[in-house]
Amino acid sequence: MSWEDNVRKVIPYTPGEQPKSRKVIKLNTNENPYPPSPLVEKAIKDFDAGLLRKYPDTQATELVNELAKTYGLKSENIFTGIGSDDVLALSFLTFFNSQKPVLFPDITYSFYDVWAELYRIPYETQALDSDFRIVSADYLRDNGGVVIANPNAPTGEELPLTEIEKIVRFNKDRVVIVDEAYVDFGAESALPLIEKYDNLLVVQTFSKSRALAGIRIGCAFGQKKLIGFLKDVKFSFNSYTLNPLTIAVGAAALRDDAYFKEITAKTVATRERMKKELKRLGFSFGDSKTNFVFARHERLSATEIFQYLREKEIYVRHFKQARIDNYLRISVGTEEETDCLIRALEELVSC
Ligand code: PMP
């Protein structure tokens, strides 16, 4: 017997690499290539450091009120956390307490199985079809809860809202979490469904479309009762998560809707151009509705392309996982970064 026998052992999630060099073209973690709104910069400059003497507002009222205004909800429908990772982890802890398995796709956000293992939640993965699409029928059976990333990651594919609604409707006796980390880049949100279904939790993040991965803000939307349970668990864990600077920054970002629309539209336009160029160079991929493209090449292996781009200081993501190990997930950068990527790939392909 050793103390090690009583340790909760987990294999942690592996985040994408954050290189030290500023020269690197970083297309490996789906960050926004544009800076946050100028209103965010102003909020940081105007921030009163004296506020840090006190504990923060546990309800993150300023941020929650701004979210309520932005999405036409009441504050009782909103939960906030330190990035959507925090929100999702607490949601797993709160809602997935059945002996029956929680269901999610075999190829999806690779944190889901980590949280399931951490909390010892039984789970079963459902295979994506050969086009890497979620098969909604696989989620219409007895289970302990469902979590779907929509659009899915790392595939970028969107499951139509009618299919999401089928899953939510069928599973009315357990919670369905829809992780919408990438929804703002052209997919349809399940947010309008929360009025109709008390078992639906929609999770979003400020990390991608609002260019704030570094400040760590995530949120969840649902009916009052659902959000209440989530808050009870959060306040049994750590009351003070969002600090006053984060709250001010998040609220400022939401106040600049024009900027948000401008940078998301730019990313969508660049993505569509990138798709055309990649196709011309012999890549194939699905119809991404996100800020990344998940692509394979007709001739060259993903490992070969990954290494080559790395030498050129262009970082992309390669998952060494069954079914997807010959694919690369390439984030959409600025126009200039995309030009560099395409030029580098042109050279490689013509060799
Ligand atoms: N969900 C999905 C599908 C993601 O890809 C990510 C980003 N890694 C997250 C959630 C978490 O993002 P964040 O914690 O930055 O909000």
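A salt bridge is a side-chain nitrogen of Lys or Arg within 4 Å of a carboxyl oxygen of Asp or Glu. Lys289 forms one with Glu158, and their closest N and O atoms are 3.5 Å apart. This is a predicted model: local features need pLDDT of at least 70, side-chain atom pairs count only at pLDDT 80 or more, and totals for chains, interfaces and linings use all residues. Residues are numbered from 1 along each chain as its sequence is written, and side-chain values use heavy atoms, with hydrogens and water left out.

**Two domains**
- The protein chain is assigned domain 1 (8-35 + 261-349) and domain 2 (38-257); such bounds come from an automatic or database domain assignment.
- Their C-alpha centres lie 25 Å apart.
- Domain 1 gives 31 residues to the contact and domain 2 gives 33 (contact means heavy atoms within 4.5 Å).

**Buried area**
- About 2500 Å² is buried between the domains, with 58% from carbon and sulfur atoms (the accessible area, 1.4 Å probe, that two parts lose on being put together, summed over both).
- Tyr13, Lys289 and Arg323 lose the most area in domain 1, together 28% of what that side buries.

**Links across the interface**
- The rule finds 3 salt bridges between domain 1 and domain 2.

**The domain 1 side**
- Helix H8 (257-280) and strand S10 (292-297) each give two or more residues to the side touching domain 2 (DSSP runs, numbered from the N terminus: helices are H or I, at least four residues; strands are E, at least two).
- H8 supplies the largest share, 6 residues.
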